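Below is a brief structural report.

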Amino acid sequence: MAFGFGKKRKQLGSADGFDAGADDSTGAPGSAADLLNLPPDPSDTAYDRAVHGPLDDSEIDVTDGYVDLGALLITPREGLSLRLEVEESTSRVIAVTLDLNGSSLQLQAFAASRSEKLWRDIREQIGLSVGSQGGEIEILDGTFGKEVLAKVPTQSDDGNKGFRVARFIGIDGPRWFLRGVLGGNAAIDAEAAQELEDLFRGVVVVRGETPLPPRDLLLLRLPKDAVAGPEGALSADPGTPAQGGQPFRRGPEITAIG
């Protein structure tokens with residue numbers, strides 16, 4: 001299921017507003033990062049999640065203007081398309097992928113305990129998974145701290161061999177863990193990754209009060225104005241334009257590394 005953000009969309013309030021024409025992500029006053037109401041840019045300081053994002057819903061004052069996917073609130077942006085990844089066996093929404101300018105960012109949120117941090121163990125699991133596929137990983141120091149660059153061998157239909165590259169980032173939050181997987185140019189080019197890193201920082205996680213075992217996926221859902229349409233398609237409720245006014249479509253079953 002997918003939808004996008006075009007030029008015609010509702011004007012957001014000043015707390016969550018953005019300028020469709022701004023494309024500077026430096027964090028300077030008047031830049032896209034500033035107008036998107038993102039947390040401060042951590043590029044010149046030590047990264048601190050509670051300051052630089054992603055944030056917990058208890059750390060923001062208003063939720064107006066976000067795309068509400070249940071466990072995740074996403075900051076809209078012109079040219080951004082969202083695909084909800086569906087687990088085929090259960091029809092459960094288990095991830096959302098953000099597509100922007102030829103690159104992608106897949107997001108999954110998990111329950112965690114108040115004291116245990118998950119990212120270190122999950123990095124090790126990614127390494128084992130990639131190794132079992134004949135690939136290799138490299139642990140890097142990135143914008144958000146330790147991250148994983150994974151290369152998995154692939155073979156095209158015409159027999160040519162190559163690598164599929166993915167960049168894994170993880171954030172331990174208050175009783176939640178958020179994992180992002182950067183693909184496309186953003187996996188290998190810092191400039192191409194900047195906009196998606198900004199979007200990652202702008203995510204708000206809604207953990208909820210329901211007790212859940214650590215590592216259980218937090219529930220994602222369609223925005224409230226999405227309704228079932230013909231032939232299983234999902235579209236915006238008539239009279240209430242969806243974000244971007246685009247139809248929702250069933251996406252592929254998730255096939256993320258690790």
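Helices here are DSSP runs of H or I with at least four residues, strands are DSSP runs of E with at least two, and both are numbered from the N terminus. This is a predicted model, in which local features need pLDDT of at least 70, side-chain atom pairs count only at pLDDT 80 or more, and totals for chains, interfaces and linings use all residues. Residues are numbered from 1 along each chain as its sequence is written, and side-chain values use heavy atoms, with hydrogens and water left out.

**Overall**

The protein chain holds four helices and 14 strands. It has 258 residues, and 46% of them count as buried. Buried means under 20% relative accessible area, exposed means over 50%, and partly exposed lies in between (1.4 Å probe, protein chains only). The accessible surface of the protein chain is about 13,000 Å². Carbon and sulfur atoms own 48% of that surface. These areas come from the Shrake-Rupley method with a 1.4 Å probe; for residues, only the protein chains shown count as cover. Among contacts (heavy atoms within 4.5 Å) with a separation of 6 or more, 57% link residues 24 or more positions apart.

**Strand pairing**

Two strands pair if DSSP finds at least two bridges between them.

| Strand pair | Sense | Bridges |
|---|---|---|
| S2 and S12 (residues 204-205) | parallel | two bridges |
| S8 (residues 136-142) and S9 (residues 145-155) | antiparallel | seven bridges |
| S9 and S10 | antiparallel | nine bridges |

S2 and S12 belong to an open sheet of four strands with mixed pairing, in the order S2-S12-S4-S3. Its edge strands are S2 (55-56) and S3 (67-68), each pairing on one side only. Leu-55 has Val-204 of S12 as its bridge partner.

Next come the hairpins. S8 connects to S9 through two residues. Here Gly-142 is bridged to Gly-145 of S9. The hairpin of S9 and S10 has five residues between the strands. Gly-159 lies in that turn, with a positive phi of about 95°. Ala-150 stands opposite Ala-166 in S10.

**Nonpolar cores**

A nonpolar core is a set of buried Ala, Val, Leu, Ile, Met, Phe, Trp, Tyr and Cys residues joined through side-chain atoms within 4.5 Å. The largest core has 32 residues. Leu-72, Ile-74, Leu-98 and Leu-107 touch the most other members. Elements that each supply at least two residues of this core include S4 (72-74), S6 (92-100), S7 (103-111) and H4 (190-201). A second, separate core has 14 residues, among them Ala-112, Ile-126, Ala-166 and Phe-177.

Leu-107 deserves a look. Leaving out residues up to four places away in sequence, Leu-107 touches residues including Leu-72, Ile-74, Leu-98, Arg-179 and Phe-200.

H4 has 12 residues and spans 15 Å from its first C-alpha to its last. That is close to the expected 16 Å, which is 1.5 Å times one less than the number of residues. Buried residues of H4 include Ala-193, Leu-196, Leu-199 and Phe-200. Asp-189 caps the N-terminal end of H4, with a side-chain oxygen 3.2 Å from the backbone nitrogen of Glu-191.

Arg-120 is found in H3 (residues 119-132). Why does Arg-120 count as exposed? Because its relative accessibility is 60%. Arg-120 and Lys-146 are 26 residues apart in sequence, with 8.7 Å from C-alpha to C-alpha.

Note on methods
Polar contact = N/O pair within 3.5 Å; in protein donor to acceptor, adjacent residues only side chain to side chain.
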